[in-house]
Amino acid sequence: NHTIALIQSNVPVQKKKLNGTVGFHFLPNQVHRKSIKKGFQFSIMIVGESGLGKSTLINTLFNAPIAPTRESPKEATNTDSSKAVEINSFTSDIEENGVKLKLTVIDTPGFGDFINNAEAHKPILRSIEERYEHYLEQESRVARKNMVDSRIHACIYFIAPTGHSLKQLDVVFMKELGAKVNLIPVIAKSDLLTDAETKAFKERILEDIKANHIQIYYPAVHDNDDPETVQEIKEIASRIPFAVIGSNQTYEHPPGSGKHIRGRKYPWGLIQVDNEAHCDFIKLRQMLIRSHMEELKEQTLEVLYENHRSQKLVEGFGSPTKNPAKFEEEKRAHETKMAKMESEMKLMFQQKILAEEKKLKQAEEGMYARHREMKNQLEQQRLDLEERKKRLLGGNSASSFNNRGGTPTQKKVVGVAAAG
Ligand code: GTP
């Protein structure tokens with residue numbers, strides 16, 4: 001297969017002009033129809049300290065009560081952060097203009113709720129890896145029908161609106177998360193910051209991201225994108241990290257107009273969710289749902305999952321130079337396993353031989369018994385014949401002696417011939 005692939009990749013590709021319509025320009029329609037029928041699937045993880053508005057933002061994004069919100073945040077009492085971070089997932093079937101979307105939201109309530117949060121990110125990272133592992137395990141099965149894909153396509157990371165810079169916990173976690181998922185940083189509850197504070201905060205976050213080599217998701221511009229799309233993508237990218245406001249409450253705005261707007265009301269006015277001058281919610285929704293959902297999925301499957309897969313393959317084959325201690329340990333475990341398998345096989349082989357020998361012995365004994373029986377039968381027949389012969393000879397000799405007066409020896413010969 002490898003040789004064929006190599007040969008094929010060396011075949012020069014020539015551009016050809018069609019002489020007439022063939023019909024493959026309908027391919028996008030076919031894909032469209034199939035996708036409509038099958039529906040789409042998307043999984044988002046929401047991460048950030050408790051009470052930052054994670055559930056509210058998801059409900060605002062999809063304009064539906066998808067994730068339960070909590071009005072009063074939990075008290076920080078638990079100390080063991082590695083165990084108590086919950087991972088909840090909610091799956092909803094939603095539909096818009098006949099297009100179905102199976103949306104899974106993976107919520108991580110409890111993150112940052114602890115006195116010591118140093119380990120809080122571990123269960124979350126483990127959950128992401130387990131999802132890749134689960135898929136990898138299904139891929140390596142012989143029967144690969146009905147595979148369940150629980151891989152996460154995007155992770156919205158909520159940064160507290162402190163106005164300073166990223167916290168140490170954010171830096172550590174974002175660095176690890178960014179290597180595994182499409183990381184989308186957002187400034188939570190940005191209505192609590194002024195425009196100037198938001199601008200300065202964004203700059204500092206971007207500096208921290210760059211200085212700490214944190215990998216975040218940026219929508220990519222492609223060669224065949226038209227200028228309008230390129231402009232749109234650039235505008236979206238310029239808003240990262242998105243300063244967001246979540247609210248599912250609507251207010252009549254302007255009062256008396258009959259027009260209802262989502263937002264958060266303050267004594268000085270209404271901060272609107274769906275207003276680009278007030279926050280970046282629209283740009284986040286545009287990227288996440290309207291323009292880049294498929295690209296986020298592709299990036300997950302083709303880059304992040306592939307990285308995980310190749311890393312697992314390398315680990316699987318092991319390399320003595322990379323980690324000698326681990327390699328030795330794995331080698332020993334492998335040898336023990338092999339030795340165990342060998343002794344099990346030997347035992348099985350011996351048992352089989354014994355069983356075969358037993359069978360042969362039984363067959364041999366049967367043959368001997370039959371042989372003995374036949375021998376006895378023949379012996380019996382011989383004795384019977386002897387008996388008859390004696391009887392015949394005895395009878396004949398008596399009568400010929402009496403009737404003709406010949407010698408008994410002559411008569412015996414005649415008697416044997418008659419008996420035979
Ligand atoms: P946990 O489930 O505890 O992790 O909380 P969460 O992050 O999901 O927060 P949730 O959406 O439950 O919201 C917590 C509180 O913050 C609620 O009182 C919300 O009304 C409020 N809230 C949500 N979004 C915003 C926002 O953008 N601005 C402000 N000011 N408050 C918000």
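**Exercise 1.** In what order do the six strands of the open sheet stand, and what is the pairing?

*Solution.* The model is predicted: local features need pLDDT of at least 70, side-chain atom pairs count only at pLDDT 80 or more, and totals for chains, interfaces and linings use all residues. Residues are numbered from 1 along each chain as its sequence is written.

Step 1. Strands are DSSP runs (E, at least two residues), numbered from the N terminus; two of them pair if DSSP finds at least two bridges between them.

Step 2. The order in the open sheet is S2-S3-S1-S4-S5-S6, with mixed pairing.

Step 3. S2 (88–96) and S6 (242–243) each have a single partner strand, so one side of each lacks a neighbour in the sheet.

Step 4. Within this order, S4 (residues 154–159) and S5 (residues 183–187) are parallel, joined over five bridges. Cys-155 has Leu-183 in S5 as its bridge partner.

**Exercise 2.** Describe how S8 pairs with S7 and with S9.

*Solution.* Step 1. S7 (residues 250–252) pairs with S8 (residues 260–266) in the antiparallel sense over three bridges; Arg-262 in S8 is the bridge partner of Thr-250.

Step 2. S8 also pairs with S9 (residues 269–272), in the antiparallel sense over four bridges. Here Leu-270 in S9 lies opposite Lys-265, and a hairpin of two residues connects S8 to S9.

**Exercise 3.** Identify the residues that come nearest to the ligand.

*Solution.* Of 18 residues around the ligand (C-beta atom, placed from the backbone, within 6 Å), the nearest are Gly-53, Lys-54, Ser-55, Thr-56 and Lys-189.
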